[in-house]
Amino acid sequence: MSTTYTPPAFTAPLPVPTPLTRPFWDALAEHKVRIQYSPSLGEYIFYPRPLAPRTLADDLQWREISGAGTLYTYTITTRPVAPHFAAAGPMVLAVVQWDEGPKFSTELVNVAHEDVRIGMRVKPVYCDYPEAGITMLRYEPEA
Amino acid sequence: MGLRGEAAILGFYELPPERKLAREKTFNLEQWARLSKAALDDAGLDATDINGIVTPLIGEASMFVPSTITEYLGIDANFAEIVDLGGAGSAAAVWRAAAAVELGLCDAVLVTFPGTHEVPTDERRPFVMEDSMYFGASSNKYGSPQAEFEIPYANLGQNGPYGQIAKRYGYEFGYDELAMAKIAVDQRTNACATPGAVFHGKPITAQDVLASPMVADPLHLLEIVMPCQGGAAVVIGNKDLAAKSKNRPVWIKGFGERVPYKTPTYARDLMYSPMVHAADQAFSMAGITRDEVDMVSIYDCYSITVLMSLEDAGFAEKGKGMQFVNEHDLTFRGDFPMNTAGGQLSFGQAGIAGGMHHVIDGVRQIMGRAGEAQVADCNRAFVTGNGGIMSEQTALIFEGE
């Protein structure tokens, strides 16, 4: 008996929205950022949930935010983190803190690696993938 | 609150790690049996003394893991527990076992962590590379927050997020790459006094560390663990069995644990790790101060984990960890003996058994069995476990009497 081996095709995985998270992704498709806010907690939260983290308050509302923020931290992946990202070359893996508070895992683009600074102001880059029906939210330096 | 310190580690076994497996391939279940037997022999106890087990996830089962193991070994367990806390799992398993002994559920508990992931294959049962292996313990299943909000941005695995933590540390407190390198260098000195360490006989300098390839800025290759094949086990028993054991009992006097998040993006303050709470609880439970500890074994998947654990466990002031490292000799013969068998950085990280290296480092010292690397008059040890991306952390305090 012989076995065959098909090498996996390493394409970067794209998100698949769930019924609960759909409003976030629908907003990105319109090139807007919409996240949840808990009035009783007095805080925006991310990622989307059915109840507010910590209090489990059942009062989450979807609110549009500007999407602007500051770079909280980053690293440059000299080596790919998985074969799926090898074609992308070194990436700036970033955590952006929105002006409204929550932090967001993302990628910083349109910037020379030596110009990246924690604390720098960043703005959204909406990346449409029409064939997958998804828009990814990346970031670039403001101005 | 907490343990009375009436359960002790009575025996241990740690396979010398191998970067490339030279030993025969065996399944995790077979490893479980053989590692356990070796630890029992070390303690001088009988298999029939055992009535509890604690295990990590194993390769051959995705559910019903504890009962699969008790059946395989023939143990009528009163306590059969699985811990899923990554690198914190070993330390977490130790206190759970101690608690089961102190509650009177068990006379003795096996804590066994198979760490050889290369297992036999067959053409009808080939090795299959699963997403979880590529994505470094981030779940790519539908509905997983990691699948939706982390993996698509390559925020996965370990190197990237640990690099992000180190970068933020440098932004808030400053960064001395020579101090970070010294952590690896001092541990290598310890490995050179520890036969069986993968880097035994291979001393390094700070320049070697800084000249090694940058993997995830600012972390260099020699600041990152070397995955190995291995495995380890300890036997934890009550006072009666401690009296029968041939080793100096290592009493588990205190523990603490905190598990607040999976992905560090969502830490409320990334610069204060869960170790703050875990260590405070452990010291409070044991009723001793930081100064009364004779050695520490700090989970060291990355240099930054060691640095922040030293601060957050209260040995160094927040933001002054690099100064602390520069001012102390961290080798077994130094004024602050740490990771005296080389740590995982220089002893080798045997997969999920990596955390056991720190448990056994502390045990070996208190039992007085560390050979050339023995710390003189070592009676108290502080041991940490760290899972995920500094997101699951456990602290233990051991004491010999």
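This is a predicted model: local features need pLDDT of at least 70, side-chain atom pairs count only at pLDDT 80 or more; totals for chains, interfaces and linings use all residues.
Residues are numbered from 1 along each chain as its sequence is written, and chains are lettered from A in the order in which they are written.

**Exercise 1.** Work out the strand order of the open sheet in chain B, and find its edge strands.

Solution. Take strands as DSSP runs (E, at least two residues), numbered from the N terminus, and let two strands pair if DSSP finds at least two bridges between them. The 9 strands then follow the order β3-β2-β4-β7-β1-β8-β11-β10-β9 with mixed pairing. Next, look for strands that pair on one side only, which gives β3 (79-82) and β9 (295-297) of chain B as the edges. As a check on one pair, β2 (52-55) and β4 (108-115) of chain B run parallel over 3 bridges, and Gly52(B) has Val109(B) as its bridge partner in β4(B).

**Exercise 2.** Describe the side of chain B that touches chain A.

Solution. Count residues in contact (C-beta atoms, placed from the backbone, within 7 Å): 31 residues of chain B meet 32 residues of chain A. Then assign elements, helices being DSSP runs of H or I with at least four residues; α5 (145-149), α6 (159-173) and β5 (214-216) of chain B each supply at least two residues, and α6(B) gives the largest share, 7 residues.

Definitions and conventions: Two residues are in contact if their C-beta atoms, placed from the backbone, lie within 7 Å.
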